[in-house]
Amino acid sequence: MKTTVPGPKSLELLGAMDKIQETRTVHMFVDYQKSQGNYVVDVDGNQLLDVCGQIASNTLGYNYPDVVGALKDPENLHLLVNRPALGLAPPAEFVSLLKTSLLSVSPRGLNQVMTMMCGSCANENSIKVAFFHYKRLQREQAGIDVTDVEAESTMKNQVPGSPRLSVLSFTGAFHGRTLGCLSLTRSKPVHKLDVPAFDWPVAPFPQLRYPLEENERENRQEEDRCLEQVTDIMKVWSDRNCPVVCICVEPIQAEGGDRHASPYFFQQLQRIAKQSGALFMVDEVQTFGVTGHMWAHEAFGLDESPDIVTFAKKLQVTGAYMKDGLRPDKPYRIFNTWLGDPSKLLVASAVVKVIQRDNLLQMTRKAGEVLLAGLKELQAKYPFLSAARGAGTFCAVDCDSTLRQASLLQALLNKGAYTIGCGEKTIRLRPSLTFQPHHANIFLNIFESVLSEQSH
Ligand code: PSZ
């Protein structure tokens, strides 16, 4: 490290940027040309181990050769230069690009995939798919088509054309910041405040004790309590004539503070959804690859795949997989100008090839074991840390206060480990999939030196 972070050059750029837009969230300016592998280099020449990975979205580290190669290939240049409206005029390579990227890692049984613009947009459109599906089944069962009254009322945002239907999410959930998703997001007031919201139900997400394997009996009771509430809500909202058509859940609540639930919880949730005719949607925006499984829900032993799985971040492209039969009844119902970006599919294609070729899921499991064991050792030594938990490298530890969280994050940054927080007092780790056990040890050493300074 050459300076504290942000250093003088970052501060100068921050000053210039602040004249034009918000800067209060910016940690530093980065030299992306110099950044390599798991190390991010800032404009002041500081080299930091990146353990937050661009809000969990960095897949292979910086300037990974296979990604550089794919984008440097002159054969691919036209995909970078010409940005098509994918719904109207996709490039010749589109289907094969989908096959070599998204479809080569699709969750079992989910053969349909749509691409989108960001994680929120993927969720937003998946919710629309759920509404379309529900109404289509209803009309098919009744043998009726869309009525004139429906067509007229929807132009006024009124029933029956804009129907009373709902989506269930959980306390602490984060599903994005677009208007619809914001009604599902329940992690922090600052995200939602002042924005009109859909009146949609919320169920408690289990608050488990860690380590999970030592608290199974208590945790099962907590999960059963939450599941009972889900069942009650499904009935109450159906009786209120605003049925829940989709249950939306993260496999591990990320922004909400790295809150885990057991496979049992997700199995039961899927069963409740099925029994009440709601779709079961798993938001894997933050969990692709990083738990040591391609998809975090693969560890849950579900009866069948979820109906919808959304992705973004580490896949480099965003969108949703869904079951056959969920495609909307009419064209132009899920649509926008770009519907994604084929040049990012090129990146995704390179990325998934490397993950498979280099066994990066296995590496992530190994690095994760080192990380979690190290966090547990540190929490045993420093009583202001607790609840070390993780799956793969998706690891976190709680601090005793929000203040402590902030001071540890800044101290880590100044010592060359770039991490971010989540929830109210959690430090979470979100490295790339090329993060190896030796990187984990480097991080743990830096963390230990920060902790020993804080405890004096
Ligand atoms: O503050 C923010 O807007 C943040 S910090 C981390 C995220 C957003 N994560 C995005 C996210 C997610 O973690 C889950 C589980 N679902 C949806 C989203 C939204 O994705 P984007 O940000 O691509 O719209």
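This is a predicted model: local features need pLDDT of at least 70, side-chain atom pairs count only at pLDDT 80 or more; totals for chains, interfaces and linings use all residues.
Numbering starts from 1 along each chain as its sequence is written, and side-chain values use heavy atoms, with hydrogens and water left out.

**Ligand site**

- The ligand is surrounded by 15 residues, and Gly119, Ser120, Arg177, Asp283 and Gln286 are the closest. To count as near, a residue needs one of its heavy atoms within 4 Å of the molecule or strand in question.
- By type, that shell splits into four nonpolar, six polar and five charged residues. Here Ala, Val, Leu, Ile, Met, Phe, Trp, Tyr, Cys and Pro count as nonpolar, Asp, Glu, Lys and Arg as charged, and the others, Gly among them, as polar.
- Helix α6 (residues 119–142) is the top contributor to the shell, giving three residues. Helices (H or I, at least four residues) and strands (E, at least two) are DSSP runs, numbered from the N terminus.
- The space taken by the ligand is the largest pocket. On a 1 Å grid over the protein atoms alone, a pocket is an open set of points with protein on both sides within 12 Å along at least five of seven lines, whereas a cavity is a set where a 1.4 Å probe fits but cannot get out; lining residues have an atom within 4 Å of a point. A molecule sits in one of these if more than half of its atoms lie within 2 Å of its grid points.

- Gly119 puts a polar backbone atom 2.8 Å from a ligand oxygen, and Ser120 has a polar side-chain atom 2.6 Å from an oxygen of the ligand.
- Lys313 has a side-chain N or O atom 3.0 Å from a nitrogen atom of the ligand.
- On its own the ligand exposes 530 Å², of which the protein buries 81%. Those areas come from the Shrake-Rupley method with a 1.4 Å probe; for residues, only the protein chains shown count as cover.

**Three-stranded sheet**

- This open sheet runs β1-β2-β12, with mixed pairing. Two strands pair if DSSP finds at least two bridges between them.
- Its edge strands are β1 (39–41) and β12 (417–418), each pairing on one side only.
- β1 and β2 (residues 47–50) run antiparallel and share three bridges. Tyr39 is partnered by Leu49, and Val40 by Leu48.
- Five residues lie between the strands of the β1 and β2 hairpin, where Gly45 takes a positive phi near 85 degrees.
- β2 and β12 run parallel, joined by two bridges; Leu49 has Ala417 as its bridge partner in β12.

**Seven-stranded sheet**

- The other open sheet goes β3-β9-β8-β7-β6-β4-β5, again with mixed pairing.
- β3 (112–116) and β5 (202–203) each have a single partner strand, so one side of each lacks a neighbour in the sheet.

- The Val5 to Pro6 peptide bond is cis, with omega near 0 degrees, and Pro6 lies in the segment before α1 (8–18).
- Val159 to Pro160 is cis too, with omega near 0 degrees; Pro160 is in the loop between α7 (148–154) and β4 (166–170).
- Gln54 isn't a glycine, yet has a positive phi of about 55 degrees; Gln54 belongs to helix α2 (residues 53–56).

Terms used:
A polar contact is a pair of N or O atoms within 3.5 Å; within protein, one must be able to donate a hydrogen and the other to accept it, and residues adjacent in sequence count only if both atoms are side-chain atoms.
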